[in-house]
Amino acid sequence: MTPTPAEPFGARLRRAMDERGPLCVGIDPHASLLADWGLSDDIAGLERFAMTVVEALADRVAVLKPQSAFFERFGSRGVAVLERAVADSRAAGALVLMDAKRGDIGSTMAAYAATYLDPASPLFSDAVTVSPYLGYGSLRPALDLARESGTGVFVLALTSNPEGAEVQHAVRADGSTVAATMLDHLRAENAGAAPLGSYGAVVGATLGTTLGAAGADLAINGPLLAPGIGAQGATAADLPKVFGAAVRDVVPNVSRGVLRHGPDVAALRESAARFAGEVREAAAA
Ligand SMILES: O=c1ccn([C@@H]2O[C@H](COP(=O)(O)O)[C@@H](O)[C@H]2O)c(=O)[nH]1
């Protein structure tokens with residue numbers, strides 16, 4: 001069993017961001033990337049891909065984000081590779097954010113929470129992404145277990161894909177948008193936490209012009225995972241425009257933008273360092 005972290009996730013994340021920079025790189029073994037890397041679309045290719053990313057980056061980036069779907073598609077042996085990628089990444093000092101986007105009624109949510117946030121689980125991770133669209137309250141088992149186990153939860157608030165707006169920008173009876181309501185919940189969850197709360201929001205880096213429409217107050221005293229940089233068209237320069245003063249709490253995510261440079265370990269490292277430099281420059285501008 002993995003020992004329970006001594007500090008809350010938010011404190012561990014803030015330190016990692018200070019020491020390593022805020023970049024989060026995805027471990028997304030797309031079939032097309034396996035082919036580009038000269039790997040077979042099978043368990044051997046999956047394992048080589050994932051372990052190469054871990055070898056290249058786990059000792060230098062703040063966060064690695066395995067995309068669970070790409071492992072699950074190989075069945076139980078894919079999940080075994082995912083377990084190893086998580087354990088090896090954590091052993092090398094990276095925080096692992098499992099991108100599983102789970103969400104269900106509370107009793108089932110408790111099982112999802114145990115899968116990713118209970119130190120006794122083989123998939124124990126530092127944090128997990130969850131979907132609040134069965135109602136924020138349905139996430140309570142994950143929110144509570146995260147508090148107990150020193151882990152974190154990232155709630156989908158304003159996703160990077162254009163289709164998200166039809167749900168997330170919807171206006172509720174009190175005039176607030178659904179996304180703003182999720183951010184309000186997270187702000188309440190993180191109240192009083194220092195140096196950073198453990199309950200994050202996912203807010204796409206792609207949302208430059210639509211963020212205002214969502215009435216979003218991004219000051220939640222928690223981390224803001226910002227996917228969409230690279231393959232989806234956003235750049236590091238968009239971060240201050242999208243996030244304003246909250247940019248100091250942003251964890252920018254790049255997956256394909258870095259991974260397309262593999263399988264060469266040095267090239268993966270160089271690409272991640274280049275994105276990290278762009279993020280630093282954008283934040284300082
Ligand atoms: O709103 C969201 C939430 C999650 N994602 C995930 O992030 C990566 C992005 O990959 P890129 O290759 O950098 O586009 C991927 O795993 C998505 O599932 C997101 O893109 N948007």
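Which residues in helix H7 (residues 140–149) are buried?

In H7, the buried residues are Ala142, Leu143, Leu145, Ala146 and Ser149. Buried here describes a residue with 20 or more other C-beta atoms within 10 Å of its own, while 12 or fewer makes it exposed and anything in between partly exposed, with C-beta atoms placed from the backbone. Helices (H or I, at least four residues) and strands (E, at least two) are DSSP runs, numbered from the N terminus.

The cover over the buried residues of H7 includes helices H1 (9–20), H6 (106–117) and H9 (178–189), together with strands S4 (127–130), S5 (152–158) and S6 (199–203). Just after H7, glycine 150 adopts a positive phi of about 65°.

## About the model

Please keep in mind that this is a predicted model, in which local features need pLDDT of at least 70, side-chain atom pairs count only at pLDDT 80 or more, and totals for chains, interfaces and linings use all residues. Residue numbers start from 1 along each chain as its sequence is written.

Strand S8 (residues 250–254) is mostly covered, with five of its five residues buried. Val250, Pro252 and Val254 point one way from S8, Val251 and Asn253 point the other way, and all are buried.

S8 runs parallel to strand S1 (residues 24–27), joined by two bridges; pairing requires at least two DSSP bridges between the strands. Cysteine 24 has asparagine 253 as its bridge partner in S8. Strand S7 (residues 224–226) also pairs with S8 in the parallel sense, over three bridges, and leucine 225 has valine 251 as its bridge partner there. From S7 the chain passes through helix H10 (residues 238–243) to S8 in a right-handed β-α-β crossover (clockwise from the first strand over the helix to the second, with the strands pointing away from the viewer).

## The nonpolar core

The largest nonpolar core has 89 residues, of which Val155 and Ala201 touch the most other members. Such a core is a set of buried Ala, Val, Leu, Ile, Met, Phe, Trp, Tyr and Cys residues joined through C-beta atoms within 7 Å. Helix H3 (residues 43–57) gives the most to this core, with seven residues.

Leaving aside residues up to four places away in sequence, valine 155 touches Val130, Pro132, Leu139, Met182, Leu186, Ala201 and Val202 (contact puts backbone-placed C-beta atoms within 7 Å).

## Around the ligand

The ligand is surrounded by 18 residues, the closest being Thr159, Ser160, Pro227, Ser255 and Arg256 (C-beta atom, placed from the backbone, within 6 Å of the ligand). S8 and helix H11 (256–259) each supply at least two residues of this shell.

How values were computed
Two residues are in contact if their C-beta atoms, placed from the backbone, lie within 7 Å.
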